[in-house]
Amino acid sequence: MAETLAGATATAPNDLEAFWVPFTPNRQFKAAPRLLKSAKGMYYTSDDGRQILDGSAGLWCANLGHCHPKVVEAVQDAIATLDFAPAFQFGHGKAFELASRVAHEMPGDLNRVFFCNSGSEAVDTALKIALAYHRARGDAGRYRLIGRERGYHGVGFGGISVGGMVANRRTFGPMLPGVDHLRHTLDLERNAFSRGLPAHGAELADDLERLVMLHDPSTIAAVIVEPVAGSIGVYPPPQGYLERLRALCDKYGILLIFDEVITAWGRLGKASAAEVFGVTPDLMTNAKGITSAHVPMGAVICRDSIYEAFMQGPEHMIELFHGYTYSAHPLAVAAALATIEAYKTEGIFARAASNFQYFEDLLHDCRDLPAVKDIRNFGYMGAIELAPGPEGPVKRTLEIMVEAFQRGVMIRVSGDTIAFSPPLVAEREHLEQMIGITAEVIRAKCG
Ligand SMILES: Cc1ncc(COP(=O)(O)O)c(C=O)c1O
């Protein structure tokens, strides 16, 4: 155990080996770790005392910036007041307050909120509710779930089954049966360098018709998509695509699930992508921005009719055999209530939206940098896709991420795509700095 961290003692070893770091090349990372010790507003402080501008809102989640004082205070109060309250057969008032608050922010009759602890749990919960809903209505033959190629829906078995990122799927066996996938929506031939929603590709939603014809609509329970695909490297939906998908789901009695783990809570300028696009799903997942990452939390928001389908039978019977020990944990609830309050009172969504055009212009100014293959953006989601480097895919983009960190900016990379998702409180000079430094690094590494 070579590396030793500060704080190690003879009886309490503290080195880099024990922690199996998620979604990270462990050996490379442990040879030169990027460690963070504190955060405030738009910046992290690294272990070696440098200020790191957060260009990725952590992992698309710290929408309010870091350590928001009101959220910190609310969580501190909560931990000193009620550390835990079981959500099975018991409850605490603030969980109900939060559910009402969330429902109030969501469009249409998306009024019923099921709490969990992460985006992955929210996805699996939504898929289970969809299956159980059809059964509750006497339509148990609807068991198929439809995802989309290149989609990311977390890492549970449900999520990777409907997900479409190959590396997240290939090592984990056959996964859920009865799953199929729509075609992805990236079309560089027709849509490269689109600003905002690409003009071409609404007809890709009709791919659902192909699956309906193949499997028969009476077997299909739900379709799940990210309204704007995030983790794959920001794929905004073609104009009209989501509307068409909604219409087809209605036509065939299929539930539409929007996975809004990234897109909800301001990333597109409103509380949800559903509101931005004017397309209301039957179920919606949330996580990340709901607490602005201060405490883990996930949620599934359902239309009234879905909840009501379960509220049949004897009243002493549990209607849905599902839940987590930490569903509606008091700390997460406190963090979410304070976060939503801050979004509202500080006008955070409108503040972010007033910079979307500026963000778009800065990103598209990178078009002529070496190796740039495409630039995509919508709201505060932006991506620069590079051609693979001479050593093949991925390696050069990883080097760009490492070098940007050395120069004081945190960015995300996915394959050969660099992604930006600024905290919603970013000022214009922050956007200039995060994109400007990244551009310098691209020039240095690809020139
Ligand atoms: C759309 C989407 N769904 C689900 C997840 C999984 O969330 P978590 O990592 O909190 O499990 C993510 C995470 O990035 C996501 O982007």
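How many helices and strands does the secondary structure of the chain come to? The chain comes to 17 helices and 15 strands. Keep in mind during the tour that this is a predicted model.

**Stop 1: the whole chain**

Show the C-alpha atoms alone. Taken along the principal axes, they fill a box of roughly 65 × 55 × 45 Å. The chain has 447 residues, and a compact globule with that number would have a radius of gyration near 22 Å; the chain has 22 Å, so the two agree.

**Stop 2**

**Stop 3**

The remaining stops are pairs of helices. Two packed helices are described by the angle between their axes and the distance between the axes.

Select helix 3, residues 69-81, together with helix 13. Their axes are 8 Å apart, and the packing angle is about 155°. Angles over 145 degrees count as roughly antiparallel, and therefore helix 3 is roughly antiparallel to helix 13. The crossing of helix 3 and helix 13 is right-handed.

Now show side chains. On the helix 3 side of the contact are Lys70, Val71, Ala74, Val75, Asp77, Ala78 and Ile79. They meet Pro330, Leu331, Ala334, Ala335, Leu337, Ala338, Thr339, Glu341 and Ala342 in helix 13. By class, this contact of helix 3 with helix 13 has 12 nonpolar residues, one polar and three charged.

**Stop 3: helix 4 against helix 13**

From helix 4, pick Lys94, Ala95, Glu97, Leu98, Arg101 and Glu105; from helix 13, pick Pro330, Val333, Ala334, Ala336, Leu337 and Ile340, which they meet. The contact of helix 4 with helix 13 holds eight nonpolar residues and four charged ones, with no polar residues. Pro330, Ala334 and Leu337 of helix 13 are listed in the contact with helix 3 and also in the contact with helix 4.

**Stop 4: helix 15 against helix 17**

Finally, select helix 15 (residues 356-364) and helix 17 (residues 428-446). Their axes come within 10 Å and cross at roughly 20°. Angles under 35 degrees count as roughly parallel, so helix 15 is roughly parallel to helix 17. Helix 15 passes helix 17 in a right-handed crossing.

Which residues of helix 15 and helix 17 meet? Tyr358, Phe359, Leu362 and Leu363 in helix 15 meet Arg428, Leu431, Glu432 and Ile435 in helix 17. Of the residues in the contact of helix 15 with helix 17, six are nonpolar, two are charged and none is polar.

Key: Residues numbered from 1 in each chain as written. Predicted model: local features only at pLDDT ≥ 70, side-chain atom pairs only at ≥ 80, totals over all residues. Contact = placed C-beta atoms within 7 Å. Helix = DSSP H or I, 4+ residues; strand = E, 2+ residues; numbered from the N terminus. Nonpolar A, V, L, I, M, F, W, Y, C, P; charged D, E, K, R; others polar. Axes fitted to C-alpha atoms, helices over the stretch in contact; angles between N-to-C directions. Parallel < 35°, antiparallel > 145°, perpendicular 65-115°, else oblique. Left-handed = near helix turned anticlockwise from the far one by under 90°. Rg over C-alpha atoms; globule rule 2.2 N^0.38 Å.
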